[in-house]
Amino acid sequence: MPLSPEQLAEIEALRASPQPTLRAVAPGMEKHLYTAQEVLDHGFVRVVDYMGDDAAICQAARVSYGKGTKSVQNDKGLIRYLMRHWHSTPFEMCEVKLHVKLPVFVARQWIRHRTANVNEYSARYSILDREFYIPAPEHLAAQSVINNQGRGETLTGDEAARVLEILKSDANRAYDNYEAMMSDEGQQGLARELARMNLPSNIYTQWYWKVDLHNLFHFLRLRADSHAQYEIRVYADAIAKVVADWVPAAFGAFEDYRMGGANLSAQALDVIRRRLKGEEVTQETSGMAAREWREFVDMIEG
């Protein structure tokens, strides 16, 4: 179950008690406050708090007082200029605090994004719930033969069933032993901080994650990409939907210039200019290594 009854009751109580405020609010984000979006089999993402909106980005860029807009169109153009020219500081004026429930192995990927504030559920202080991420059969795959860190062909039939049974039985056996080691019935019982070491990395943890918009865009660029691991990508996709409602102009610029755009090297630009002049350019005459040339050709030819 992604949300406990206690968490659901807390969310309902918070949403039922709105407070007046003089600060700028983003209507698109208000609808997301406290509401949890379910991710994977037991996970979720929910917005706990946020600061700023599209106008706040423009206000910071202009260093103006009061409302930052001259017009919606002017703000959109300014935001696109900032994104296009890599002016990151104005985007840092917006922040969001998320409550995330996720498998430990996903958290270990996620925490590599170090430009954020994180406070994780303490398994030294509390006992973790018996909740494990078990992939749906369509997400079980063999090792890719061309990508050392990716998946290849989907497992089917008896092979998929064999792997799922191992995942389920190992997770439950480890949790049974976790409880048995901590039990003080007829024995001293092992400390929680030591007993947790035997738990598998597909057990769920929770944390509060606070990040500014510039660094959140960097997270989304990497983790919402089609090459990212599925289990973290679905979290990034859920967050991206929230960000699109929160700062629509900034998110639109991010989609165009970061997610849908490309960075070109000096050699790549030179090749394009030479081709526009009618010159035939090959990998041997481009100044690029073979792999870089392949990536360049894939990029411009789709």
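L264 is found in the loop between α10 (248-259) and α11. Helices (H or I, at least four residues) and strands (E, at least two) are DSSP runs, numbered from the N terminus. This is a predicted model: local features need pLDDT of at least 70, side-chain atom pairs count only at pLDDT 80 or more, and totals for chains, interfaces and linings use all residues. Residues are numbered from 1 along each chain as its sequence is written, and side-chain values use heavy atoms, with hydrogens and water left out.

**L264 and its patch**

- L264 is partly exposed, at a relative accessible area of 35%. Buried means under 20% relative accessible area, exposed over 50%, and partly exposed in between (1.4 Å probe, protein chains only).
- L264, L269, M299 and I300 make a nonpolar surface patch of about 290 Å².
- Patches are made of residues with over 30% relative accessible area and no salt bridge; like charges are joined within 9 Å, and nonpolar side chains (Val, Leu, Ile, Met, Phe, Trp, Tyr) within 5 Å.
- Accessible areas come from the Shrake-Rupley method with a 1.4 Å probe; for residues, only the protein chains shown count as cover.

**The whole chain**

- The chain has 13 helices and seven strands.
- Its C-alpha trace spans about 85 × 60 × 30 Å along the principal axes.
- Of the 302 residues, 37% count as buried.
- The chain exposes about 17,800 Å², and carbon and sulfur atoms supply 51% of that area.
- Take the contacts between residues at least 6 apart in sequence: 67% of them join residues at least 24 apart. Contact means heavy atoms within 4.5 Å.

**Helix α11**

- Helix α11 covers residues 266-276, and A268, V271 and R274 are buried in it.
- Seen down the axis of α11, these buried residues fall within an arc of 125 degrees, so they line one face of the helix. The arc is that of the directions from the helix axis to the C-beta atoms.
- A266, R273 and L276 are exposed on the other side of α11.
- G278 follows α11, and its phi is positive, near 95 degrees.

**Salt bridges**

- The structure holds 16 salt bridges. A salt bridge is a side-chain nitrogen of Lys or Arg within 4 Å of a carboxyl oxygen of Asp or Glu.
- D245 forms one with K31, and the closest N and O atoms are 3.4 Å apart. D245 lies in helix α9 (residues 230-246) and K31 in the loop between α2 (27-30) and β1 (36-39), so the pair ties together parts that are 214 residues apart in sequence. D245 is partly exposed, at 30% relative accessible area.
- D256 forms a salt bridge with R80, with the closest N and O atoms 2.8 Å apart. This pair links distant parts of the chain: D256 sits in helix α10 and R80 in helix α4 (residues 72-84), 176 residues apart. D256 is partly exposed at 41% relative accessibility, and R80 is partly exposed at 23%.
- R130 forms a salt bridge with D176, with the closest N and O atoms 2.7 Å apart. R130 lies in the loop between β4 (117-120) and β5 (141-143) and D176 in helix α6 (residues 157-182), so the pair ties together parts that are 46 residues apart in sequence. Salt bridges that share partners join R130, D176 and E179 into one network.

**Aromatic rings**

- A pair of aromatic rings is described by the distance of the centres and the angle of the planes.
- A search of the whole structure finds 13 aromatic pairs. Rings of Phe, Tyr and Trp (its six-membered ring) pair if their centres lie within 6.5 Å; planes under 30 degrees apart count as stacked, over 60 as edge-to-face and the rest as tilted.
- The ring centres of F251 and F254 are 5.8 Å apart and the planes are at 45 degrees, so the pair is tilted.
- Both F251 and F254 lie in helix α10, three residues apart, about one turn of the helix. F251 is buried at 10% relative accessible area, and F254 is buried at 2%.
- W110, W207, W209, F219 and Y235 form one aromatic cluster.

**A buried loop residue**

- N202 is in the loop between α7 (192-195) and β7 (204-212). N202 counts as buried, at 10% relative accessibility.
- Leaving out residues up to four places away in sequence, N202 touches P103, F105, E131, F132, Y133, I134 and A171.
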